[in-house]
Amino acid sequence: QCAAAAKRWFWGLGALFLVAGCAMALYGIPVISKHRVSLSYVLVCVALAVLVFGAIRAYVAGGKRNVALVGPSLVAWGMNPLAIYVLHNVLFAVFTLPDNPAWHREAGWPLILAQLACFVGALHLFALFLRKKNIVLSL
């Protein structure tokens with residue numbers, strides 16, 4: 001009973017943060033901005049993190065077959081989060097470096113989805129490479 005209540009709070013908090021952040025952004029209270037680290041940006045990011053974590057946890061809790069599918073990927077990302085974060089910033093600079101508004105600010109959904117696939121794919125391949133070579137970077 002306690003675990004069920006915790007799950008409801010977990011999902012409810014994630015949904016609340018997502019609604020609050022999106023409502024703030026829609027009404028321009030502060031706009032969603034990573035550079036300004038606005039409250040709406042923080043709320044939306046925390047909400048998405050909660051919802052993604054909850055979805056992965058629910059999927060993994062579904063059985064051993066699911067763990068075999070998701071496990072190696074999560075392990076690869078979890079072994080070197082700092083290295084992936086650094087590479088994320090480097091890739092982010094590469095994706096936003098071209099001074100072409102159509103490349104990032106005014107990009108359409110097909111380009112956004114292609115960039116996202118390349119971005120996440122590069123991070124994932126890097127994580128798998130580090131795991132295969134048994135390289136663990138930590139502080």
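A polar contact is a pair of N or O atoms within 3.5 Å, where within protein one atom must be able to donate a hydrogen and the other to accept it, and where residues adjacent in sequence count only if both atoms are side-chain atoms. By that definition, the backbone oxygen of I135 lies 2.8 Å from a polar atom of the side chain of N80. This is a predicted model, in which local features need pLDDT of at least 70 and side-chain atom pairs count only at pLDDT 80 or more, whereas totals for chains, interfaces and linings use all residues. Residues are numbered from 1 along each chain as its sequence is written, and side-chain values use heavy atoms, with hydrogens and water left out.

**Overall architecture**

- The chain holds five helices and zero strands, where helices (H or I, at least four residues) and strands (E, at least two) are DSSP runs numbered from the N terminus.
- Along the sequence, these elements follow the pattern α-α-α-α-α.
- Of the 139 residues in the chain, 19% are buried, a class that means under 20% relative accessible area, with exposed meaning over 50% and partly exposed in between (1.4 Å probe, protein chains only).
- Among the contacts in the chain with a separation of 6 or more, 57% are accounted for by residues 24 or more positions apart, a contact being heavy atoms within 4.5 Å.
- The chain exposes about 10000 Å², and carbon and sulfur atoms supply 73% of that area; accessible areas come from the Shrake-Rupley method with a 1.4 Å probe, and for residues only the protein chains shown count as cover.

- N80 lies in the loop between α3 (64-79) and α4, and N80 counts as buried because its relative accessibility is 0%.
- When neighbours within four places in sequence are left aside, N80 is in contact with L130, I135, V136 and L137.
- N134 lies in the segment after α5 and has a positive phi of about 55 degrees although it is not a glycine.
- N134 counts as exposed because its relative accessible area is 60%.

- A83 is found in helix α4 (residues 81-96), where A83 is classed as buried because its relative accessibility is 10%.
- Not counting residues up to four places away in sequence, A83 touches F126, L130 and L137.
- The C-alpha atoms of A83 and L137 are separated by 6.6 Å, although these residues are 54 residues apart along the chain.
- L82 also lies in helix α4, but L82 is classed as partly exposed because its relative accessible area is 37%.
- L82, Y85, V86, V90, V94 and L139 form a nonpolar patch on the surface, with about 650 Å² of accessible area together.
- Patches are made of residues with over 30% relative accessible area and no salt bridge, with like charges joined within 9 Å and nonpolar side chains (Val, Leu, Ile, Met, Phe, Trp, Tyr) joined within 5 Å; a salt bridge is a side-chain nitrogen of Lys or Arg within 4 Å of a carboxyl oxygen of Asp or Glu.

**Helix α5: length and buried positions**

- The 24 residues of α5 should span 34 Å at 1.5 Å a residue, and the end C-alpha atoms are 34 Å apart, which agrees; the expected span of a helix is 1.5 Å times one less than its number of residues.
- Buried residues in α5 include Q115, F119, L123, A127 and L130.
- Q115 lies in this helix, which covers residues 109-132, and Q115 is classed as buried because its relative accessible area is 13%.
- With neighbours within four places in sequence left aside, Q115 is in contact with F95 and W103.

- A23 lies in helix α1 (residues 2-26) and counts as partly exposed because its relative accessibility is 29%.
- C45 has its place in helix α2 (residues 39-60), and C45 is partly exposed, with a relative accessible area of 33%.
- The C-alpha atoms of C45 and G14, which are 31 residues apart along the chain, are separated by 9.8 Å.
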